[in-house]
Amino acid sequence: MTGTGVAARRSVADVLDHVWEHRSVLSGPDAYALALLALGRENPLLACLSAGTDLEAEFAAELPRQYVDLGVAEQNLIGVAAGMTVAARPVFASGLGPFAVGRAFEQIRTGVAGADLPVKIVGTHAGLSAGSEGPARHALEDLGTTRMLPHMTVVAPADAWEAAQATVALARTPGPAYLRLGGPATPSPYAERAPFVLGRARVLRAPGRVLFVATGPHPNLVAAEAARELAARGVSAGHLNMHTVKPLDREALLAASARSEVVVTIEDHRAVGGLGSAVCEVLAEAGGPPVRRIGVPDVHFDLVGGERYLLDRAGITVRNAVTQALDVVG
Amino acid sequence: MLTHAPPRKDAAARLAADIRRRVVEMSGAPGGARLGGSLSVADLLAVLYGEVLRQPAGDGASSGDRDYLVLSKGHASAALYAALAATGLIPDAETGTYRQDGSRLAGHPLRRLPGVDFATGAPGQGLSLGLGVALAGRRYGYDNRAFVILGDGELQAGSTWEAAMAAAHLGADNLVAVVDRNGWQGGRRTEDRMALEPLADKWTGFGWDVLRIDGHDHGQIRRALEGPVRPGRPTVVLARTVAARGVPGLHDTRRGNTAVLDAQARRLALAALAGERP
């Protein structure tokens, strides 16, 4: 880790400064771990539970009373997190996304979401980020399943900077949440430091004939590049970073798409159930422009390869984003 | 009679009789009540609510030095509601709304009913919730005990054993699991559907302190729940019980575990229960 030393990262504000400075070399999980440690120092009621991830090793070493390692037992992780809310709040519960959400879904549904408890579920291995680990470790249904649940806030940060801010925001917001974290550091889409607000989409490029709506690191990079490429061809294109998938920023979506001829959604998640579906729900009800969805297709995605290769094979690419847009406006 | 007994023993006995009476009355609700498991757990709940639990009227958000009860076997909701009504935590007449349209009393308990800290009904979830409560008490300096009433059938769910393993590893000696071992699940005996025995060995193997009692003997229940615990070890009380205990003809039978009683059957059952009262 590149850093300015632990001493400079004592407070939440220090961590946010540090992560902003180093946003291009820190991963989402790195940023989450740094933010959580600072939050834990600030709030002794904050608890961190982990199902066999070593993400929070520094937290465990410094704040052992606030930390519990539950091993690879995600159902118990979520149940214990719910139980601990009688005294601890918030309770962060981290695990591999496909397991923390998929395996423990029933515990989340009844015990956490239904009960509206301050449990923040943190899932790593977002999308295809586990690459050649194979489909058992790809989190492809987590956004769709969590957003179906009442009370849930669902966030997929675009970079380390958003991951740190989302961690802080979720810790200070009541109710249950899912925070989706990916793999290694990716380039940041942010050139300017602007405040992060849960549920408020970020306009990264002004709206045009085409609107790209993306969530997560690679999809936002694809959207940014595709918008530049369309502009170079004389087709104006906007870019909305929908970091919060639930509650979806309906107003921002309607405003940004008001004069667009097509909306293209991009996510490293199943093309059904997640961001694309959420956008379709809003635009269909409001009578908005047609939508093209880019995501992982409806097949068992058991190709072997690194994240880049898998994204390419799933069509989560600049080329496909441009093609989908031109299919309507071209 | 019973003039030599301490008053609180009378209270638990009266509470158990009251719970049984209300359960039989609730069995006339739409969809009925799960008679077998609600009557098998009646004495355990009577001693817990009558004598053991401190400040049982939680809403899930309150903390402090209090005890928590998680009815993991949520299908025995009729017995829980009976205990809450009999002890004044919900209005006396509310059990008459059991499973009626618009009622607060679902077939499996909902959170935010006074006295219910966690919604239950999904088998195998309660022990994790109780472990969380126990850990929170230890980590945040509260004198909490967490009691979790488990059905025997739900011990087939793997999540129970995830919690069992973690509780021993984490030394949660303020966690008490009570297994209502009535031997039935739905229309079959547990040992025919998916055998649980040797059950004590399983808990011992997972690192728990195991107590075996008659789950209808108030003295044994009291001693098990109030006795000293082994430091650093969670306790499981294996309470041998009888499904539909108290209703003649239905004890420990397939029909008794799942019966819906019509008005005539309820009258007969209530008369039999009244005859049993001290």
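B:Pro198 is located in the loop of chain B between helix H7 (190-193) and helix H8 (199-205); helices (H or I, at least four residues) and strands (E, at least two) are DSSP runs, numbered from the N terminus. The peptide bond that joins B:Glu197 to B:Pro198 is cis, with omega about 0°. The model is predicted: local features need pLDDT of at least 70, side-chain atom pairs count only at pLDDT 80 or more, and totals for chains, interfaces and linings use all residues. Residues are numbered from 1 along each chain as its sequence is written, chains are lettered from A and ligands numbered from 1 in the order in which they are written, and side-chain values use heavy atoms, with hydrogens and water left out.

A cis peptide bond is also assigned in chain A, from A:Arg89 to A:Pro90, where omega is near -5°. A:Pro90 occupies the loop between helix H4 (74-84) and strand S3 (91-96) of chain A.

Most peptide bonds are trans, and most residues other than glycine have a negative phi. A:Asp116, although not a glycine, adopts a positive phi of about 55°. A:Asp116 belongs to the loop that lies between helix H6 (105-113) and strand S4 (119-124) of chain A. With a relative accessible area of 30%, A:Asp116 is partly exposed, a class lying between buried (under 20% relative accessible area) and exposed (over 50%), for a 1.4 Å probe and protein chains only.

In chain B, the loop between helix H4 (77-86) and helix H5 (126-140) contains B:Arg99. B:Arg99 is not a glycine, yet its phi is positive, at about 60°. The relative accessibility of B:Arg99 is 32%, so this residue counts as partly exposed.
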